[in-house]
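Visitor: I would like a close look at a single part of this model, with the cut-offs stated as you go.

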Amino acid sequence: MMMSKTKKRYIKKSIFFNLFSIIFITILQILFFKFISLEDINNDFHYNIITLSATLAGFLFTGLSILISVIDKNSIEHYWKMNYLDGLCINAFIGIIVFVITIVLAVIFVLFDIFEFRNYLIFKVQIGLIWIGIADFLYCIKELVFIVKELKQDNS
């Protein structure tokens, strides 16, 4: 089965969006990470990362659930069949995966109490993943607002 042009376009759009996020976050980390010392990284910081990541991953999962529950509505069904909602699904899945990886890294830091210099790179990756997840989260919010507006017009 061949993929439609719309589906290919949204897959490419999601890939470029995430690549741009990675490049932007890498540049920010190069510029601003010299202000964070290893002493600032402690268990409380990782507990906060776990809380933030779990909450945002839960919201992304809820957003996907909302999308699935309204697919049968006339205005949304058209967008679903024409693959216009693929960007939302792809970015939500990427966001959830990124947040789960972040949670696993934070748990490893807390359980094994590893705060050595060589793990500073892992810490940077963890922060980068959080920002990528937040970017995907914001993208999904934008798409869900569009869906809500369409549902409102459909019911008017």
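Visitor: Which residues does Tyr84 touch, not counting residues up to four places away in sequence?

Guide: This is a predicted model, in which local features need pLDDT of at least 70 and side-chain atom pairs count only at pLDDT 80 or more, while totals for chains, interfaces and linings use all residues. Residues are numbered from 1 along each chain as its sequence is written, and side-chain values use heavy atoms, with hydrogens and water left out. With residues up to four places away in sequence set aside, Tyr84 touches Thr6, Arg9, Tyr10 and Tyr79, where contact means heavy atoms within 4.5 Å. Tyr84 itself lies in the loop between H3 and H4, the helices being DSSP runs of H or I with at least four residues, numbered from the N terminus. Of the residues it touches, Tyr10 is 74 residues apart from Tyr84 along the chain, yet the C-alpha atoms of Tyr84 and Tyr10 are separated by 7.4 Å. Tyr84 counts as partly exposed because its relative accessibility is 29%; buried means under 20% relative accessible area and exposed over 50%, with partly exposed in between (1.4 Å probe, protein chains only).

Thr102 counts as buried, because its relative accessibility is 0%, and its side chain reaches the backbone oxygen of Val98 at 2.8 Å. Not counting residues up to four places away in sequence, Thr102 touches Ile49, Ser53, Gln126, Leu129 and Ile130.

Methods: A polar contact is a pair of N or O atoms within 3.5 Å; within protein, one must be able to donate a hydrogen and the other to accept it, and residues adjacent in sequence count only if both atoms are side-chain atoms. Helices (H or I, at least four residues) and strands (E, at least two) are DSSP runs, numbered from the N terminus.
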